[in-house]
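Welcome, and take a moment to turn the model around before reading on. We will go through a few of its helices together.

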Amino acid sequence: MKKIILIFLFLLLAQTKHLLGQPKLSKNLKTYYELSNRLSWAMYKNDYTTALSLFKQLEQMNKKPHFIDVQNIIKVYGKMGNKAEADKWIAYSISSFNTSTASYFRNNDYGLTKEDVLKMACYANEKKLFKAFISPDKMETIITIRHLFENDVLFRNYFEQFYFDECIKDKANFAFEIATQFDTLYALPEILKIAAKYNFPDDYDIGHYNLDYFTFMLRHLLSTPSHRLMIDSALYNGKLNPRTYGSLTDYLYNQTYNPATRTLSPKNNYGFLLERLPTGIMQLRYIDNIAEVDKRREAIGMMPLWQDAKVFNYTLSKQYIEHLKNNNIPFEE
């Protein structure tokens with residue numbers, strides 16, 4: 001009963017904040033994201049001196065820097081050859097975000113070899129650092145998220161296995177019904193409990209990869225206006241970063257889908273409706289109201305699309321590039 005009341009109060013608080021017209025982002029939070037965007041851009045430019053200076057400013061603003069910024073500072077120190085500071089921040093990432101040392105020498109993304117990391121204190125202390133992150137209460141939440149995610153994938157894979165075969169459409173309908181019942185009767189209540197428990201979880205609450213599973217589940221479960229208000233509130237409070245917010249809302253609310261033609265129609269989206277080309281490259285496809293898209297992004301703390309595409313490695317639509325050129329908006333091709 002207490003959990004039900006907690007969920008109700010959480011959704012009510014989200015709705016009240018929305019109706020009272022709370023600014024989308026506080027000045028402090030907006031400044032933090034602007035600095036974080038500049039840091040990501042400096043990393044794209046391999047300008048590690050500027051990136052280091054920007055991170056120090058972020059750290060002064062927030063003693064718990066966001067996941068992407070911590071990953072960037074590990075790259076900065078790795079690329080600059082400062083293994084002692086890289087060691088320190090890898091240890092921080094493991095104990096704060098539940099990452100592992102192995103993720104910092106794969107593909108040499110962080111400028112560190114396997115031999116470098118194996119000599120670091122973070123590797124020797126990895127088990128202790130894991131224990132610093134995990135508590136019995138947190139472990140229960142993580143197990144629930146993993147269980148929900150694995151079952152969701154299982155049911156949907158079962159459904160997709162039959163969907164395109166006309167001879168077994170009945171099985172597809174049955175599989176879809178099972179997935180829908182699982183989502184409605186079990187998954188959604190559990191996800192809302194977790195959201196209420198943490199006032200919406202972030203990387204520090206449940207770990208980075210578990211947060212990925214959590215937000216993946218949200219794509220299948222949320223639909224109502226009260227759910228949208230919950231996501232808005234998480235953005236306002238700094239619990240949900242702007243890119244994840246933009247991706248979630250574009251997928252859930254900023255489009256309409258025509259099942260007959262299998263086409264999307266965007267409406268005031270943030271530019272996260274992508275498609276995979278035959279070459280394997282992701283391309284921005286659907287944007288509504290191109291003239292305003294970067295203003296919408298800037299309002300919630302995101303960089304312009306043309307910068308975002310370079311930093312996160314996807315290609316832009318011709319219509320968007322033409323808009324920039326026709327309006328003499330500076331950008332790098």
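What is the handedness of the crossing of H13 and H14? It is left-handed, a term used when the near helix is turned anticlockwise from the far one by less than a right angle, with clockwise giving right-handed. Before we go further, please note that this is a predicted model, in which local features need pLDDT of at least 70 and side-chain atom pairs count only at pLDDT 80 or more, while totals for chains, interfaces and linings use all residues. Residues are numbered from 1 along each chain as its sequence is written, and side-chain values use heavy atoms, leaving out hydrogens and water.

Now for the whole protein. It has 17 helices and four strands; these are DSSP runs numbered from the N terminus, with helices being H or I of at least four residues and strands E of at least two. Of its 333 residues, 46% count as buried, meaning under 20% relative accessible area, whereas exposed means over 50% and partly exposed lies in between (1.4 Å probe, protein chains only).

Let us return to the pair we began with. Helix H13 covers residues 225–236 and helix H14 residues 242–252; their axes are 10 Å apart and the packing angle is about 165 degrees. Axes here are lines fitted to C-alpha atoms, for helices over the stretch in contact, and angles run from 0 to 180 degrees between N-to-C directions. H13 and H14 are therefore roughly antiparallel, on a scale where under 35 degrees is roughly parallel, over 145 roughly antiparallel, 65 to 115 roughly perpendicular and the rest oblique. On the H13 side, Arg228, Ile231, Asp232 and Leu235 meet Pro242, Tyr245, Thr249 and Leu252 of H14, where contact means heavy atoms within 4.5 Å.

A second pair is H3 (residues 48–61) and H4 (residues 67–80), whose axes come within 10 Å and cross at roughly 140 degrees. H3 and H4 are therefore oblique to each other. This crossing, too, is left-handed. Among the residues that meet are Tyr48, Leu52 and Phe55 in H3, and Val70, Ile73 and Tyr77 in H4.

Finally, look at helix H8 (residues 126–133), where Glu126, Leu129 and Phe133 are buried. They cover an arc of only 60 degrees around the axis, which puts them on the same side of H8; the arc is that of the directions from the helix axis to the C-beta atoms. On the face turned away from that buried side, H8 carries the exposed residues Lys127, Lys128 and Lys131.
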